[in-house]
Amino acid sequence: MTSTRLYSLALLVVLLVAWDLFCRWTGISALVIPAPLAVAEVLWSGLASGYLWPHIWVTSAEMLLGLGLGCAIGFSCGVVLGEVDFLRRLLWPYVIASQVVPKLALGPLFIVWFGFGMTSTVVITALICFFPLLENTLTGLQLIDPRKRDLFRMLGASRWQTLARLKLPSGLPVILAGVRVAVVLALVGAVVGEFIGGREGLGATIIAAQGMMDSTLMFALFFVITFLGIAVYQFTIAVERRLLRHHQKGLAL
Amino acid sequence: MNFLDIAGISYAYGDEASVVDAVDWDIPTGAFHCLVGRSGCGKTTLLKLAAGLLVPSAGRVRIDGRPVDGPRPDVGFVFQAPTLLEWRPVLENVLLPISLRGAVSAEDRARAGELLHLLGIGDLEARYPLELSGGQQSRVAIARALIGGPDLLLMDEPFAALDAMTREELQADLLDLVAARTTTVLFVTHDIAEAVFLADRVAVMEAGAIRARLEVPIARPRAAELRHDARFNALCLDARQAMRAPLAA
C-alpha cells in the first residue's frame, strides 16, 4: 500500500473520530446527527437480520436495468444520428433542449403512466442514462483522425466496415466515458425514483425512515447507497481499463 | 511506358486560389520519383489527387493507362504519420487492407510475417502499436502499404517525424523492398537529401507548380556512404537552389 493510501485511510479514521467526538461533546440529538457507532449498529443489524437485503436487491436491479436499457438505447440512437447527417441536423436542437429538461421532474408523470413500483423507477433511470450515452457516442463517432478516415477510403472500406472497424473502436474511450457518467446518474435515478414512487428499495426505505423520524437508519442507508455506488463505479472503471488497454499508454482515469 | 501519368491537373479548396496549378508529371514503370517543397506548397494535395482521394478541378490522372476516379486497391498509400489502429496488434494492422476485402488466408498471414521480417520487426507482430517506437510504427505502415503487392506506392513524408539515424535506415530498407518488386513510387518530402538519395528524378514544387526537374544519375543500389559523395552534394545543392529561385514574375 502506498503511503498516500495510508493517509487516505487515516483521514477516514480521523473523520469518524471527529464525528463521534462532535456528537458526544455537543450532546446533539440523535434525531439530527446520530453517533457513528449507533449508525454502524443499525447498519449491522439491518444486514444481519436480512431486513436490508431485499431493498439493496431491488435498488440494484432497478439501477442495472435502467442503466442497461438507457445505455443501449442511447448508444443505438447515437450511432444512428452519427451516421445519418440529415437526422442529426434535424434532431440536434431537440437533443440539446432535452438535455436541459430535469428528467427527475418527469417522475410523477411516469407514475401516472407506469404505476408505482419498479417499472417507473427503471424508466426514469433509463431516461437519465440515455443522454450521456447519446451525446458521447455521437461525439466519439465524429472525433476520427482524418488520416485514418483517408486510410479507410484509400482501402475501399464500406460504410459499415468504417463504422465497425474504425469509428466505434476509435470512439470507444469517449463512449465509455459516457457510460461512467451514466453509472453515477443511474444510482441517483434509482434512489430518487423510489422517493417518488417506490414501495421497496433503498430510496423507499429512506422515505419510510423519514416518516418514523429514524435518522440513524437514514444515515445507515446513506452508507449502503454509497457503497453500492462505489462498487458499481469501480467495476465500470475496471471494465474500461480492460477494454482500453491498448488505446493509450499509461491510461489515466 | 508511364505507369503514373498526371496531365494538367489543378485543385482548389473551395473558392480559394489553386493549391495545385496545372501540374504535369509522368513516372515510368518501376521508377522512384520524389517531390520536394516547403510545407504548404501543394505536394500533399498533389499526392492525394494521384491517389484518387481528391477529385481534380481540372486535368486528369491515369494509373497504368486507366483514369483514376477514386481510391484503388492496387495503390499503396503511406501517410505522414503511421496511422495505425491502436486497438489492433501489429500483424492485424498489416493485414487490414486484405481483411477489408474479405477473409484473410494463412498465405496472407505468412506474407505479412515475411514483410515484417524483411523490415526488421518480425518479432513484433503480436505487439500493439503504442508499444512500438516511432521508427517501428513507420515500418508497420510500410508493410501495410505493401501487403496487397501494389504496383504504385504513394508516400507522404512518411519519415518526417523520425530521427536522422532511423530515417536513413528506413530509406535504405524502402529502396531494397521496392527494387525487389519493381514498384513505381511517388515519394513526397521536404528533405532535399532524402529526395536525392531515394529518387531517380526529383521534382521541386513551389506554390502549386513544379519549378524544376532534376535527374539523379546515380547507380543503384545506393549505399549509405553516398550521402558524403561530392556528386550527391552537388545534386542537393542544385535542388536547394531551385527551391530558392524567385517565383516567375
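User: Where does Glu157(B) sit in chain B?

Analyst: Glu157(B) is in the loop between β7 (152-156) and α6 (164-181) of chain B. Helices here are DSSP runs of H or I with at least four residues, strands are runs of E with at least two, and both are numbered from the N terminus. Before we go on: this is a predicted model, where local features need pLDDT of at least 70, side-chain atom pairs count only at pLDDT 80 or more, and totals for chains, interfaces and linings use all residues. Residues are numbered from 1 along each chain as its sequence is written, and chains are lettered from A and ligands numbered from 1 in the order in which they are written.

User: What makes Glu157(B) count as buried?

Analyst: A residue is buried if 20 or more other C-beta atoms lie within 10 Å of its own, exposed if 12 or fewer, and partly exposed in between, with C-beta atoms placed from the backbone. Glu157(B) has 21 such neighbours, so it counts as buried. Glu157(B) also has a positive phi of about 45 degrees, although it is not a glycine.

User: And why is Ala22(B) called partly exposed?

Analyst: Ala22(B) has 14 C-beta neighbours inside 10 Å, so it counts as partly exposed. Ala22(B) lies in strand β2 (residues 20-28) of chain B, and its phi is positive, about 45 degrees, although it is not a glycine.

User: Why point out those phi values?

Analyst: Because most residues other than glycine have a negative phi, and most peptide bonds are trans. Pro221(B) is found in the loop between β10 (209-215) and α8 (230-244) of chain B.

User: Over to chain A. What is its secondary structure?

Analyst: Ten helices and zero strands. The C-alpha atoms of chain A fill a box of roughly 75 × 55 × 30 Å along the principal axes, and 33% of its 253 residues count as buried. An automatic or database domain assignment divides chain A into domain 1 (1-33) and domain 2 (39-243); their centres, taken over C-alpha atoms, are 32 Å apart.

User: Why are α5(A) and α6(A) called oblique?

Analyst: Helix α5 (residues 107-114) and helix α6 (residues 118-142) of chain A pack at about 135 degrees, with axes 9 Å apart. The axes are lines fitted to C-alpha atoms over the stretch in contact, and angles run from 0 to 180 degrees between N-to-C directions. Under 35 degrees counts as roughly parallel, over 145 as roughly antiparallel, 65 to 115 as roughly perpendicular and the rest as oblique. That's why α5(A) and α6(A) are oblique to each other.

User: Which residues make that contact?

Analyst: From α5(A), Gly107(A), Phe110(A), Ile111(A) and Phe114(A); from α6(A), Thr119(A), Ser120(A), Val123(A) and Ile124(A). Residues are in contact if their C-beta atoms, placed from the backbone, lie within 7 Å. By class there are five nonpolar, three polar and no charged residues. Ala, Val, Leu, Ile, Met, Phe, Trp, Tyr, Cys and Pro count as nonpolar, Asp, Glu, Lys and Arg as charged, and the others, Gly among them, as polar.

User: How many residues does each chain give to the contact between chains A and B?

Analyst: Chain B gives 15 residues and chain A gives 14. The side of chain B that touches chain A has 13 nonpolar, one polar and one charged residues.

How values were computed: Contact = placed C-beta atoms within 7 Å.
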